Amino acid sequence: MRFSIRAFGLDNAVAQVSTASTAPASPTIAAPPRRGGFISRMRKSKVAVIGFVTLAFLATVALTAPIISPADPNEVAPREALQAPSTAHPFGTDQYGRDVLSRVIYGTRISLLVGFIAVSIAVVTGTTLGLISGYYGRWIDITIMRFIDVMLAFPGILLALALVSILGPNLPNLMIAVGVSSVPSYARLVRGSVLSAREQVYVEAARVIGARDITIMRRHVLPNVVAPVIVVATLGVAAAILWAASLSFLGLGSQPPTAEWGRMLSEGRNYLREQWWIATFPGLAIMMTVLGMNLLGDGLRDTLDPRQRVRT
Amino acid sequence: MRHRDWSDDDTPEETRRTHPNPKMSGTNSRAVRRGRVQDMDIDTFERLPGLGLSRRSFMRLAGLAATLPIASSLLAACGSDDEEDGGSGTGSQTTAAAGTEPAGSTEAAGGDETEGTGGAEDPQPGGELVVGLDSEPPTLDPHASPSAVTFMVTSSVAESLLYLDTERELLPWLAESWESSDDGTTYTFSLRQDVTFHDGEPFTAETVKGNFDRIVDPNFTAGGALAALAGYTGTEATDEYTAVVSFENAYAPFLNYAAGGTLGMVSLKAVEEMGDTFGTQIVASGPFKVESYTAKDNVTIIRNEEYNRTAPWGTREGPPLLEKVTFKFIPEAGSRVTTVETGETQMVQSIPSQDLPRIEESDNYTVSKTPWVGVPRILMLNTQLAPTDDVNVRRAVSLAIDRQALVDTVFAGLGEVAIGMLTKVMLDDPSLSMPYDPDQARTLLEEAGWTGDDGVREKDGEQLTFILNVVDPGSGAPPEAQLIQANLIDVGFDCQIKAQARAPWYEDNYNCLTHGPLMFLRSGDYDGLYSMFHSSLIGKNFNFACLNDPDIDGLLEQGRQETDANARREIYLEIEQKLADIAAAAPLVDEYAVWAYRNEVSGLAFNGFTYPVFGDVAMQS
Amino acid sequence: MGKYLTQRLLSTIPVLIGVTIAVFSMLHLVPGDPIQMMLGEFQTSPEQMAQLQSQLHLDEPLPQQYGRFVTGAMQGDLGYSIRSKRPVMDEIKDNLPSTIILTLSGLAIALTIGLTLGVIAAVKQNTWVDLTSMVVAMLGVSMPSFWLGLLLIFAFSLKLEWFPATGGGDLRHLVLPAMTLGLGASAIIARLTRSTMLEVLNQEYITTARAKGLRGSVVVLRHALRNALIPTVTILGLQFGQLLAGAVVVETVFGRPGIGRLIVSAILEKDFPLVQGIVLFIAISYVVINLLVDLLYAVLDPRIRFG
């Protein structure tokens, strides 16, 4: 097995969300956490708590958007355009008179949705590929891993850009593009876990008994994969949200009049000098969301796999 | 998909160009003539009778008079926002002979400070001027460009047969004298004998012939120039310096066109030698020549030391004072304004409404605003694509748009509500108006079968979709797009904004693929409507409404040939009424062309088409 | 070492082939006819379509087209841009220097700030210095780069007027974009450096060195840092790629000429040959850079060589 740093599947997680632990830590199996201890350990990690609270807050905002939002996010009122933050409009109004607070609130929905869907696509696809690759080995493994290597040959946002250019700029394509671009991390990660698990005695034993492959994968291998995947996925949602906002900022994601944070920033750019609020609040929202997810991911990692802990 | 019908015999069908790039096309044999007759500078502007007008209108008209000389036709069609014609209106309307003196007072239509920048102490040669343009020209080749931005640059680089000054006078330029035949089909030009191009080639009657023949050559993708030569049958060089240009029919606007940038004279030798790259470095005969072109960044012109004549806009003889003019492409409005404030540029085009007050109030700049001539910012409505193929749907669109809101916000200080297909300063009449009546719009839609008061309307299971096609020059979709979208959504349309770069935007329009291209057209003459609405120009010129209406066609042709000013005005009024009735388009805002320049810029002049000419500009410390 | 080298080099080849296949199929995987896509969906006559097809060799069997594509690429011919009609390679050559300068400057800033911050935080572990640094780093990691760019423009361009807001060319135009790029990356590097330093600082050989009586700073700098640098160096290659990708956004925010802005406008203009060419160029460069980093890594850490 190549000992390149990337073989450990942590490179993308490191690069994308840069909550790196010492490299190269091996994605070995943490002992499946005892149920009782998990929650209490989570609670002890300040970082995880903050992250979780933030996420819960954002999820609530997203779910209750129609209720808590003071105005229709897409309702234009040209005569109320470009008003500074006030009691009537806590975040001010944009160039079309739309209430910025409402737009930021509704933007939460889109960003969380895009983040979770993109990562879901990546997790499902990546885990499947990793499982197959790691379990069956030999030429299947080599083929799939080469394929993953090719995907990794495109740095960061480039693959997503290329995909969006082919598919066309809109929100669903954005989710697909970001999701597909994130597959390699999970594939590598899962494969690594599977490879380690495969060596374990109990897997050998199961095979000897004659258990079906799928059963073995499901019962013995998968549980060990879950923990690292959850960690990477949480951090991955943060990255996905950032990427989606970036692509929308470039004009390659959501289309008007959708209230999406990245796009709001791009439109607010023209008004930066005098009407700073149009671009500032969406930016804060992005940062808060990404920060929350990152903290949560850090906390999860500390809890689930102490060996990967960033020393605090 | 529609199959295009080439009904006009003058425009033989061609094999399609392999690369649909309207920008760079030299004498490339692969180039297919799509009849992209855009952006013609039709400056055939009759004198407006100044009767019975309010003082304000009169001042505007007077200002217009100064800036709309009858002359060459530079029809500049712009697709939304910053396209073509960024609008250059200097405020030198009320000063007489603005073409012969440095632009002194700059009384903008909006009522600006009248600071005299010109006529200072003896200007010294040297210096460099940096100008911020709002978009990049697709090509510098005047014959090939559909975009007005090109002529911001080439007005000081390429010369035409005649010159249109701000008084709407036709002055001699490359032609010393001219006359037209009685029937208006032939024009004879006596040319100057002392003109050479930047590459040393002499300018003769053969050059004129070669230039015009090039434009109509089916293998050449002409821009607005082609419409300027509609009906062209040929040029004859009766002697070395006499050119006789002939047309099929009486063609009154031609002299104006001959003074326009689209019919500027270029060196044929250079065209042949440079092929495709000619568009990035044209070779002509003007006081400046092109030094370099950096894509997406800037184009630089430098002083032509060999220039030994007197340019028609000034009284000085010889090469210009400035050493160099650099045109930077800064589509992002906020940045563009910032550059003139920091001094990175000394002159910029198009100030957005949110920055305008700050610039106007400052003593460091002069802001010139000139009402646009031609067609206002307008939403063309595709008459061949459902659902806008239904006249009632189109009428509903026009009624649904709150133009006053546009003028109050996005166009604050930058324009006025449009009343018809031509701007008010060009053709004003109390009978013209564009009302705002969303309720009536809803009624019309209901009656047309589009039901569903809540949300998107439907008919036979189809949704009422409207694709708004706008140009994103690199700084995002134009701000008015979302307001229009909101208006349309309000009455039940599913309005989607398609914002794209200029080239694909043209593609969509030539193929009548969207419901509503957003654009404007700059034209010095009523005849601009011809290129917008005549059926022979579907798919090639600015007929983005894909309108095929024999009545309108007939009237447009008539208007072209009518020489009596009053009769002409009546014809075009009738055209306006008809167009409004069938709602072939929804005019939005009569815009101002806005330029801001710093105090150290002196001697700035604008030609009759409101393009800046830099021959007499000096930079003062 | 030699074995590792050859192994590594050999494994790069299939990747490169895969990259070319992937990029090549960009045009062909798209639903619809590639010609239609390039020409923008208008109805062309059959003769014109045929002419364009043969001109672009699209009527040849796919493998042949692919062969043409690859041989062309190896000779530096990446096709022609539809919009500007210039060779893609020329467009890249015009824009690449600006991006390289930006990326390297960003990297330099990131390393300077990141390493310093990380080391200090590690050395002063658990003090307020540490805490603040890490909070700041966390914020930096979570902040969208385009927002940071806008904030910098607002503060230093619009309000203070120290630096220009857009454009490229000289040093003044480089400062804000490089800062935007660098600050984000420095947060990553800071966190990484801190954690690796902590790991190393607690290892036995450090304790030994201290016991031997070596001065603290000597210990830190000579022993700890060098070992802690290894992961950072590894990350460098990846960071370079990330920064390159980040340049896409930063160049757009600052209107700075470069590959990033080039590819974005190519996508917006539907100039697919240009998009394809740039993607290929960047991907191959990235593979090569990572190869070099891996080799460098092997030089630095003997443990890695035997795999």
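## A buried arginine in chain A

A:Arg98 is buried, with a relative accessible area of 1% (buried means under 20% relative accessible area, exposed over 50%, partly exposed in between, with a 1.4 Å probe and protein chains only). This is a predicted model, where local features need pLDDT of at least 70 and side-chain atom pairs count only at pLDDT 80 or more, while totals for chains, interfaces and linings use all residues. Residues are numbered from 1 along each chain as its sequence is written, chains are lettered from A in the order in which they are written, and side-chain values use heavy atoms, leaving out hydrogens and water.

The partner of A:Arg98 is A:Glu267: the two form a salt bridge, with their closest N and O atoms 3.6 Å apart (a side-chain nitrogen of Lys or Arg within 4 Å of a carboxyl oxygen of Asp or Glu). A:Glu267 sits in helix H11 (residues 261-268) of chain A and A:Arg98 in the loop between helix H4 (65-68) and helix H5 (100-136), so the pair ties together parts 169 residues apart in sequence. Helices here are DSSP runs of H or I with at least four residues, strands are runs of E with at least two, and both are numbered from the N terminus. A:Glu267 counts as buried too, at 11% relative accessibility.

## Chain A as a whole

Chain A has 12 helices and zero strands. Of its 312 residues, 64% are buried.

## Two salt bridges in chain B

In chain B, B:Asp616 and B:Arg316 meet through their side chains in a salt bridge of 3.0 Å, N to O. This pair links distant parts of the chain, 300 residues apart. B:Asp616 is buried at 15% relative accessibility, whereas B:Arg316 is partly exposed at 29%.

B:Asp439 and B:Arg442 also form a salt bridge, with closest N and O atoms 2.9 Å apart. They are three residues apart in helix H11 (residues 438-447) of chain B, so about one helical turn separates them. B:Asp439 is exposed, at 51%, and B:Arg442 is partly exposed, at 21%.

## Where the chains meet

Here 21 residues of chain B are in contact with 17 residues of chain A (contact means heavy atoms within 4.5 Å). In chain B, B:Glu332, B:Gln354 and B:Gln482 lose the most area to chain A, together 35% of what that side buries (buried area is the accessible area, with a 1.4 Å probe, that two parts lose on being put together, summed over both).

Between the two chains there are four salt bridges. One of them joins the side chains of B:Asp408 and A:Arg79 at 3.6 Å, N to O.
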